[in-house]
Amino acid sequence: MSLNVSLAVSAAATAFLRSAAVVCVLAAIASAPGCATTTVRADRTDGIELEYLWTRKSEGQAAYYSVTRAGDFGSSGGYAAREREQNFKTSLSDAAAARFVELLRATGYAARPAESGAGEPRSEITVRDAEGRHRFTVDGQDADVDALRAFLAELSLRQFRNV
């Protein structure tokens, strides 16, 4: 009888140890690098992010545009724009993301003076890239900044495409 008890205890201990081993292996696999549940966002704009506030005070107009590294576009107009809020969001296509990068680089944002120009409209632009943060303001017309704004305005108007 003691042999049966001994075998029963041995079988229970073996089952417990197997269960503990399985738990340890599963814990090790779950904690291994690369197995985390964090979301990795794609960089679709060569590491460039933009915030752009455009205003024309004489006519009470304002527009706000933003683009993230992941290629997420946001915009708003009027009061929401002045508060830098977004009431329209979309993801840029690969072609639109590439065009955005091209137009933004054409502005020479990294070498621009902090303020330039005179008159209306006013463009307040902040760019973040691998070099850091670049901020500049352009008053009046500027061909490269105007081309960027026209592109961003066109993206923003897509919210009304089916209206």
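Tutor: Start with the cluster: ring pairs link Tyr-52, Tyr-65, Phe-73 and Phe-88. The model is predicted. The structure holds three aromatic pairs. Two of them are worth a close look here.

Take the tyrosines. The ring centres of Tyr-52 and Tyr-65 lie 5.8 Å apart, and their planes stand at 85°. Planes over 60 degrees apart count as edge-to-face, so the Tyr-52 and Tyr-65 pair is edge-to-face. Where do Tyr-52 and Tyr-65 sit in the chain? Tyr-52 belongs to strand E1, residues 49-56. Tyr-65 belongs to strand E2, residues 61-67.

Now burial. Buried means under 20% relative accessible area. Tyr-52 has a relative accessible area of 0%, so Tyr-52 is buried. Tyr-65 comes out at 3% relative accessibility, so Tyr-65 counts as buried too.

Next, the phenylalanines. Phe-73 and Phe-88 also form an edge-to-face pair. Their centres are 6.4 Å apart, with 70° between the planes. Phe-73 lies in strand E3, residues 72-77. Phe-88 lies in strand E4, residues 88-91. Here the separation is 15 residues, and again the pair links distant parts of the chain. Both Phe-73 and Phe-88 are buried.

Now the setting. The protein chain has four helices and seven strands. Along the sequence they follow the pattern α-β-β-β-α-β-α-β-β-β-α. Of the 163 residues, 33% count as buried. Among contacts between residues at least 6 apart in sequence, 50% join residues at least 24 apart.

Helix H3 (residues 94-106) packs with helix H4 (residues 143-156) at an angle of about 160°, the axes 8 Å apart. That angle makes H3 roughly antiparallel to H4. H3 passes H4 in a left-handed crossing. From H3, the contact uses Ala-96, Arg-99, Phe-100, Leu-103, Leu-104 and Ala-106. From H4, Asp-144, Ala-147, Leu-148, Phe-151 and Leu-152 take part. By class, that contact has nine nonpolar residues, two charged ones and no polar ones.

Key: Residues numbered from 1 in each chain as written. Predicted model: local features only at pLDDT ≥ 70, side-chain atom pairs only at ≥ 80, totals over all residues. Heavy atoms only, no water. Axes fitted to C-alpha atoms, helices over the stretch in contact; angles between N-to-C directions. Helix = DSSP H or I, 4+ residues; strand = E, 2+ residues; numbered from the N terminus. Parallel < 35°, antiparallel > 145°, perpendicular 65-115°, else oblique. Left-handed = near helix turned anticlockwise from the far one by under 90°. Contact = heavy atoms within 4.5 Å. Nonpolar A, V, L, I, M, F, W, Y, C, P; charged D, E, K, R; others polar. Phe/Tyr/Trp six-rings, centres within 6.5 Å; stacked < 30°, edge-to-face > 60°. Buried < 20%, exposed > 50% of the residue type's maximum accessible area, 1.4 Å probe, protein only.
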